[in-house]
Amino acid sequence: YGNNAVTVTNCLFYQNNAGMGYGGAAYNYSAGPVYNNCTFTENTAGNGGGVSNYNGSVQTYNNCIFWGNSATSNGDEIYIAGGTSTLNYSCYQNEDGDIFGTPTASNCISTDPQFVGILNNSDHPYSIGGISPCCDTGNDGYCSETVDIRGSGFSRKLDKTTGEAGTIDMGAYEYQPGVDSPLPIALTSFTATFLNGAVQLTWRTATETENAGFRIYRDDEMIAEIEGAGTTTEPHSYAFTDRFVIPGRTYRYVL
């Protein structure tokens with residue numbers, strides 16, 4: 001954006017790449033844009049993987065999500081140089097290297113938004129499930145839209161439990177009970193490592209609902225069953241070692 005201030009509402013900015021430049025999703029220069037209920041994820045740049053604010057510009061982010069963006073130099077999520085950024089009722093990643101500069105944050109969180117993901121909802125992987133901390137934590141006053149980014153039939157300002165009128169969610173999507181419900185297990189990682197002549201499989205869950213257990217397949221053969229944690233909102237780690245492998249061969253594992 002140049003010198004013309006704009007208001008952007010219900011937008012998803014994802015998988016954009018600014019190369020070694022500034023602002024993977026947006027480069028704000030000498031303007032005062034306002035972003036309402038936008039989601040910024042998997043964008044990349046040299047500085048400001050998510051957005052870059054520069055040259056005295058003033059940016060405001062209301063009910064937004066910044067998560068999973070990356071920069072090769074500074075500010076994976078947000079880069080502020082000579083401008084100011086205000087985040088209200090937003091979720092943003094705030095670990096080392098995520099923010100360059102000092103934003104003004106009010107009623108914000110820095111907790112994984114728990115996107116539903118491709119396995120659960122291939123059409124809208126950046127929607128959120130009912131376990132997301134972004135549910136019912138926005139501010140209704142920042143968004144006058146009655147539907148989310150998906151349009152007709154996807155109402156805004158819903159209670160995550162009842163589906164009736166409630167408080168707006170953060171981000172471009174509103175959780176729709178019965179539509180966006182994720183799988184019973186929120187899987188956060190699944191890795192395979194070749195070590196000492198065997199394959200070490202490890203995986204981790206964020207939450208589990210009535211989970212009896214896991215089945216592990218090597219190619220098309222089931223090779224193990226591992227007991228789950230039942231119902232829990234606490235993270236759990238699991239591991240299994242496959243010792244019946246041949247070095248130099250390629251195997252495909254399914255959990």
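Predicted model: local features only at pLDDT ≥ 70, side-chain atom pairs only at ≥ 80, totals over all residues.
Student: Why is E221 called partly exposed?

Tutor: E221 has a relative accessible area of 47%. Residues are numbered from 1 along each chain as its sequence is written, and side-chain values use heavy atoms, with hydrogens and water left out.

Student: What makes R218 and E221 a salt bridge?

Tutor: Their side chains meet at 3.6 Å, N to O. The rule asks for a side-chain nitrogen of Lys or Arg within 4 Å of a carboxyl oxygen of Asp or Glu, so the pair of R218 and E221 qualifies. Salt bridges with shared partners also join R218, E221 and D242 into one network. As for cover, R218 counts as buried at 12% relative accessibility.

Student: How do you know that β17 and β18 pair?

Tutor: Strands here are DSSP runs of E with at least two residues, numbered from the N terminus. Two strands pair if DSSP finds at least two bridges between them; β17 (residues 198–218) and β18 (residues 221–232) have 8, in the antiparallel sense. R218 stands opposite E221 in β18. The two strands form a hairpin with 2 residues between them, and D219 in the turn has a positive phi of about 55°.

Student: How many salt bridges are there in the whole structure, and what makes the pair of E174 and R156 one of them?

Tutor: The search finds 6. The side chains of E174 and R156 meet at 3.0 Å, N to O, and both residues lie in the loop between β15 (104–106) and β16 (185–195), so the pair ties together parts that are 18 residues apart in sequence. E174 is buried at 0% relative accessibility, and R156 is buried too, at 5%. R150 and D148 also form a salt bridge, at 2.8 Å, N to O. R150 is buried at 15%, as is D148 at 3%.

Student: Why is N88 called buried, and what does N88 touch?

Tutor: N88 has a relative accessible area of 12%, which puts N88 on the buried side of the cut-off. N88 lies in strand β12 (residues 84–88). With contact meaning heavy atoms within 4.5 Å, N88 touches residues including T60, Y61 and Y142, not counting residues up to four places away in sequence.

Student: What makes a set of residues a nonpolar core, and which residues have the most contacts inside the largest one?

Tutor: A core is a set of buried Ala, Val, Leu, Ile, Met, Phe, Trp, Tyr and Cys residues joined through side-chain atoms within 4.5 Å. The largest has 16 residues, and those with the most contacts inside it are Y35, F40, Y61 and F66. Apart from it lies another core, of 12 residues, W67 and C135 among them. In soluble globular proteins, nonpolar side chains tend to be buried together.

Note on methods. Helix = DSSP H or I, 4+ residues; strand = E, 2+ residues; numbered from the N terminus. Buried < 20%, exposed > 50% of the residue type's maximum accessible area, 1.4 Å probe, protein only.
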